[in-house]
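Here's a quick walk through this one. Have a look at the sequence and the model first, then read on.

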Amino acid sequence: MNELGNAEKQEVGRWANNRVENSHLPFGRRERAMQRFRQMKTLQKFASVHANVHNHFSLERHLIDRQTYRERRSAALAEWQALVS
């Protein structure tokens with residue numbers, strides 16, 4: 001690093017690989033969910049339905065104000081009820 005002139009850019013320290021560990025979080029979440037199912041087939045059926053519902057209702061509340069969130073949530077619920085019935 002000294003020969004290249006990048007010594008000051010090198011990240012060293014106790015938590016230097018924290019970005020790498022955080023990138024594996026979705027896999028850990030998925031593996032925890034898999035422990036509840038005895039058969040892979042039932043997990044796949046649940047996961048496909050759950051993914052559709054989660055994508056429909058996940059509105060990322062932290063990015064928008066409360067009024068907009070409530071309007072979008074109501075619209076999503078109305079659309080969901082129209083699809084189900």
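Of the protein's 85 residues, 5% count as buried, meaning under 20% relative accessible area with a 1.4 Å probe and protein chains only; exposed is over 50%, and partly exposed is in between. The accessible surface comes to about 8100 Å², with 51% of that belonging to carbon and sulfur atoms (Shrake-Rupley method, 1.4 Å probe; for residues, only the protein chains shown count as cover).

Keep in mind that this is a predicted model, where local features need pLDDT of at least 70, side-chain atom pairs count only at pLDDT 80 or more, and totals for chains, interfaces and linings use all residues. Residues are numbered from 1 along each chain as its sequence is written, and side-chain values use heavy atoms, leaving out hydrogens and water.

The fold reads α-α-α-α along the sequence, with 4 helices and 0 strands (DSSP runs numbered from the N terminus: H or I of at least four residues for helices, E of at least two for strands). Here's how confidence (pLDDT, from 0 to 100 for each residue) looks:

| Part | Mean pLDDT |
|---|---|
| Protein | 77 |
| Helix 1 (residues 18-23), lowest | 64 |
| Helix 4, highest | 87 |

Helix 4 has 19 residues and reaches 27 Å from first C-alpha to last, close to the 27 Å expected at 1.5 Å a residue (1.5 Å times one less than the number of residues). Trp80 lies in this helix, residues 66-84, and counts as partly exposed because its relative accessibility is 31%.

Note on methods:
pLDDT = per-residue confidence, 0-100.
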